[in-house]
There are 2 protein chains.
Amino acid sequence: MSDVVRIGVAGLGTVGAGTLALLHDNQQLLRDRCGRTVSVVAVSARDRAKDRGVELDGLRWHDDPRGLIADEDVDVVLELIGGDSGPALDLVSGALEAGKPVVTANKALIAMHGATLAGLAEKNDVALAFEAAVAGGIPIIKSLREGLAANHISRVYGILNGTCNYILTTMESTGREFDDVLAEAQSLGYAEADPTFDVDGIDTAHKLAIVSSVAFGAPVDFSSVYTAGIRGVTATDIRHASELGFRIKLLGIATISGDGIGQRVHPCMVPESSPMAHVDGAFNAVLADGDFVGRTVFEGPGAGAGPTASAVVGDLVDIARGLKIPPFGVRSSDLVSRQAVSIENRYGAYYLRLEVLDQSGVLADVAAHLRDHDVSIESVLQRGRDPGEPVSVIMTTHETFEAGLTAALKSISAFDAVVDPPCMIRIENL
Amino acid sequence: MSDVVRIGVAGLGTVGAGTLALLHDNQQLLRDRCGRTVSVVAVSARDRAKDRGVELDGLRWHDDPRGLIADEDVDVVLELIGGDSGPALDLVSGALEAGKPVVTANKALIAMHGATLAGLAEKNDVALAFEAAVAGGIPIIKSLREGLAANHISRVYGILNGTCNYILTTMESTGREFDDVLAEAQSLGYAEADPTFDVDGIDTAHKLAIVSSVAFGAPVDFSSVYTAGIRGVTATDIRHASELGFRIKLLGIATISGDGIGQRVHPCMVPESSPMAHVDGAFNAVLADGDFVGRTVFEGPGAGAGPTASAVVGDLVDIARGLKIPPFGVRSSDLVSRQAVSIENRYGAYYLRLEVLDQSGVLADVAAHLRDHDVSIESVLQRGRDPGEPVSVIMTTHETFEAGLTAALKSISAFDAVVDPPCMIRIENL
């Protein structure tokens, strides 16, 4: 191995600039830990003139990121552009084909093309690393792929999106509504101008598809992830959750069983005593259940320049040290596709909130429809309002299959006396 | 690389039997993840006749563990004997000298001889792995050495002994005294017949010395660890802690600064809101502060056959995959010894409990002595008792240097009116 590892960096946004800062500030440390010098030699970004607060003098500039592939001085490519196609995909696949190891922080890309790209990496006998794609600074990919490699993992789940967790935590602590807190998060820079990927659960689904692939040894299957975001969570529901001893979190949950792999992202009520109940603000937490190890919990900052740079350069250290492991822990040919288990098969408890007209017989009708679909009610709370106004009926159910509950809610929502679509939140005793 | 990795296992106690069970049960999984078959070919233990609940037929038996060194069929040695010298040390150093990779779960051995053995491993270009030596199934060594390798770690700390955490948690939930809970833990098999290593903090100190070496890139320095156990923690102190918003935990804390490295193990009062306050029972938790990543938290089962086997075989998977990293993350020659920072330099707050005779002027004298040593009192609580009985005076201090507090307590404990040695517990806002 050469004494210097020469890096080409594509994308100089927050993560790119943070990565350059880390490589600069911790140069000696990295040399000690890699046994080699890690040196940035080339960069690519859209705007050459922009001030990014990092020194770019002496680095070769490529207007087209694909220039890094052909650049003979570049040994390893860092893809920090983002997006599941276009320049990011061209760069990663091109670099792998050219036999250059790639480190990427791009969850969308790995969620959509992970299995193909891993195959390409293997074929060309180079590393493809994406620790930074999931849970920011938490080394969860390495932990699942290596540290816990001796275990059959039966379930991996957690809080994977800091923006949603920040919004839900703030809604809870202030009693404010979603739209209001989202607008504030946007003005503070904690949420994007277009918050769709975050608040609709897509970002969490990308990350879940990646960790479940590593945990279960299956090809990434993003298209099978059931995905619901947090737009429908109201301050009322958060207050009720609290009264019932729960907190509301957006979780990604992946499980494997004889039936196949279930992957789902949705708001959950978790008990106050759950390790996840106290993960607040922009923190992420990932839990894994292994057959020998039992339950392990990994927690840390889920996003931001520093934590993401830590993960990117951690991967770079692996490469500089000569580590070579299949990207998803087993060879592509050994990844086993499984049946996707539908959310309809979920067996668990539910929180329901119905807004109903205050007239006799409504509760009896609701209860009868639930009973007819084998849904058994655990608790009911009816909140009085001003005369003539709709009444909130809050229910929790015993454990039941989701298919039955969905069917019951469908017919209940057609009642004349039910004025809004029913609100349903899954209760997870995790 | 050969298609089979042949393992020799020395020590067939709880961990050894658990490791054999894992290697048997998860054989196909390990083959997929390693790309090779991992096969046990030889074992060594004291009593050949004992039933350990695992199949030993067809395995070569060595009465002397050192037989594994010369056994030509053995590629990798697992040292699961325990003890910081004798057969374990002979086996590990002999195997490394013979060019055989070693996996060990032996914290005492690595804490006492880690730097020497790492040098031996490097000289012979073989792996020495000890994930199982610290925090059971939590992959904390790998996380510090690889996942967080891009960071300067400034502090690493946590709950590293499940027995002590179980005892403290049970004392808190039941209000019972230490001796009583220890006796129960012994009868349940959660504590050893000789509990010294656990309850006096030595086991935690072994583990702390190992993680701090990996985190800071310094040779293991067990002899510098300030170590105090939990025998002196009373039900009274736990109750007072709770009233003050704290919980009492035995922590290992290692910090690095311009002054050097401080390593200490002692009972701490941590705020209810601390991530460590809710780590209960036999669980372990390790926290690390890195300059780019920020704070990460790792939690899981700290001991037991399954979790320890998970860590041992995780190391074995690394070896079978061809991973070769210096045991402490940098080459032995790059490990930098630092000044040991004395506990006397600690700057922080303290909880004090004095048992004093109920006579006038005692509190004034105590306060004056504290003031004379620059110790400023934050709160005082005096608990009345039956007339004539000693009175408990509970105090918390503002932040101060430990040297001053120690000197003040020394003179205070000489007062005629102070009937027991003062109880002091450090408050850590971690």
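**Close-up views of chain B**

**View 1. Strand β7 pairs with strand β11 in chain B.** Strand β7 (residues 153-159) of chain B runs antiparallel to β11(B), and six bridges join the two. Two strands count as paired if DSSP finds at least two bridges between them. Strands (E, at least two residues) and helices (H or I, at least four) are DSSP runs, numbered from the N terminus. Opposite B:Ile153 stands B:Gly290 in β11(B). The model is predicted: local features need pLDDT of at least 70, side-chain atom pairs count only at pLDDT 80 or more, and totals for chains, interfaces and linings use all residues. Residues are numbered from 1 along each chain as its sequence is written, while chains are lettered from A and ligands numbered from 1 in the order in which they are written.

**View 2. A hairpin joins β11(B) to β12(B).** The hairpin passes through three residues. Strand β12 (residues 294-301) of chain B and β11(B) pair in the antiparallel sense, over eight bridges. B:Asn284 has B:Gly300 of β12(B) opposite. Seven of the eight residues of β11 (residues 283-290) of chain B are buried, so this strand is largely enclosed by the rest of the structure. A residue is buried if 20 or more other C-beta atoms lie within 10 Å of its own, exposed if 12 or fewer, and partly exposed in between, with C-beta atoms placed from the backbone.

**View 3. Six strands of chain B form an open sheet.** Their order is β3-β2-β1-β4-β5-β6, with parallel pairing. The edge strands, β3 (60-62) and β6 (128-129) of chain B, each pair on one side only. Strand β2 (residues 37-44) of chain B is joined to β3(B) by three bridges. In β3(B), B:His62 is the bridge partner of B:Ser44.

**View 4. Residue B:Met424 lies in strand β17 of chain B.** The strand covers residues 423-427. B:Met424 is buried, with 20 other C-beta atoms within 10 Å. Leaving aside residues up to four places away in sequence, B:Met424 touches B:Tyr350, B:Leu352 and B:Leu409. Contact requires that the C-beta atoms of two residues, placed from the backbone, lie within 7 Å. B:Leu409 is 15 residues from B:Met424 along the chain, and their C-alpha atoms are separated by 8.9 Å.
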